[in-house]
Amino acid sequence: MGGKADNMEISGTAKINKSAQNAANLGQELWWDNRYQNDYDSAGSKKENGKTYTSFLLKSKTAGCDNSGESACVNSKGSWDSSSCECTCPSKMVLQNGVCLGTFKPEVINVGVLVNCHYCPGDFDGRKKCGTAGANPNHCYHGWDFNASQGCCTACTGIRINSFEFYKGGYLELSPKADTAAARYLWWKNGTLIGGKMYRYSGGSMPDCYGSDYQSICDNNCKTGDSSCSYKCLISMSHNGCSNGTYNYSGGACGKSCNNASGTGKVLTCVANN
């Protein structure tokens, strides 16, 4: 009984024309209701001797929305629409549980590779023993497969790679720089260590990147909303092994010791997107 119409007239009672309505209300989802049909007492019960009515009330089908989420939205850099009670986040953020959270984007950095042919893991390369306080599980050593007191240089039997360390900036320094037989390549200078890989010995290493969809890698390994992401993976590495050979060393078993060498590589990092 009753229906949606542009114009409606109830003879001798009411007349509504669409043209007379406020333009701001046009286009809204409206319907006609015959809800109030009887007289009721204060308890909400129908009065026994009350009158019966046919009353058509114009109602909106769109219920009011809940604006309680506005504060959380705005405080997390979102924009709040009070008419729809919806939160819109900046393009580089995502909406999660009513809050705008930061995401991370991939950034590929060029690194210098120290090809470690001289030192045992942990002597100088920022590694700690796996499982100990502060140890990075992707940059640590176990220690059961070498004797640090005996050293890990194999100059007398054929020099071999022990591990790799990755540096942002800097270079492998020749020291002392004098053109003497004692000149040696051991230390990386003016760079920031960002990780490494074990080679001859066991321990934790920076993982290789799986695939070339770097955004997905960051999405899968970083926690949305955190201020930073520590995840890194190795894209590529190029080197020529222990190409610097040995240097003269009177304390060595065969009068020689192992030089370190260098290479290049690319590492994927994930940086804040907002």
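Is N190 buried or exposed? In this predicted model, N190 is exposed, with a relative accessible area of 60%. The legends below start from that residue.

**View A. N190, a residue with positive phi between two strands.** The phi angle of N190 is about 60°, a positive value, although the residue is not a glycine. N190 sits in the loop that runs between strand 14 and strand 15 (192-198). N190 counts as exposed because its relative accessible area of 60% is over 50%.

**View B. C85, a buried residue with positive phi.** C85 is not a glycine, yet its phi is positive, at about 55°. The residue belongs to the loop between strand 5 (79-81) and strand 6 (86-88). The relative accessible area of C85 is 15%, which is under 20%, so C85 is classed as buried.

**View C. The cis peptide bond between S175 and P176.** Omega for the bond joining S175 and P176 is about -5°. P176 lies in the loop between strand 13 (171-175) and strand 14 (184-189).

**View D. N116 and its surroundings.** N116 is part of strand 9, residues 104-116. This asparagine is buried, with a relative accessible area of 0%. A polar atom of the N116 side chain lies 3.1 Å from the backbone nitrogen of H118. Leaving aside residues up to four places away in sequence, N116 touches F124, D125, R160, I161, N162, S163, E165 and N260.

Terms used: Residues are numbered from 1 along each chain as its sequence is written. This is a predicted model: local features need pLDDT of at least 70, side-chain atom pairs count only at pLDDT 80 or more; totals for chains, interfaces and linings use all residues. Side-chain values use heavy atoms; hydrogens and water are left out. Helices (H or I, at least four residues) and strands (E, at least two) are DSSP runs, numbered from the N terminus. Buried means under 20% relative accessible area, exposed over 50%, partly exposed in between (1.4 Å probe, protein chains only). A polar contact is a pair of N or O atoms within 3.5 Å; within protein, one must be able to donate a hydrogen and the other to accept it, and residues adjacent in sequence count only if both atoms are side-chain atoms. Contact means heavy atoms within 4.5 Å.
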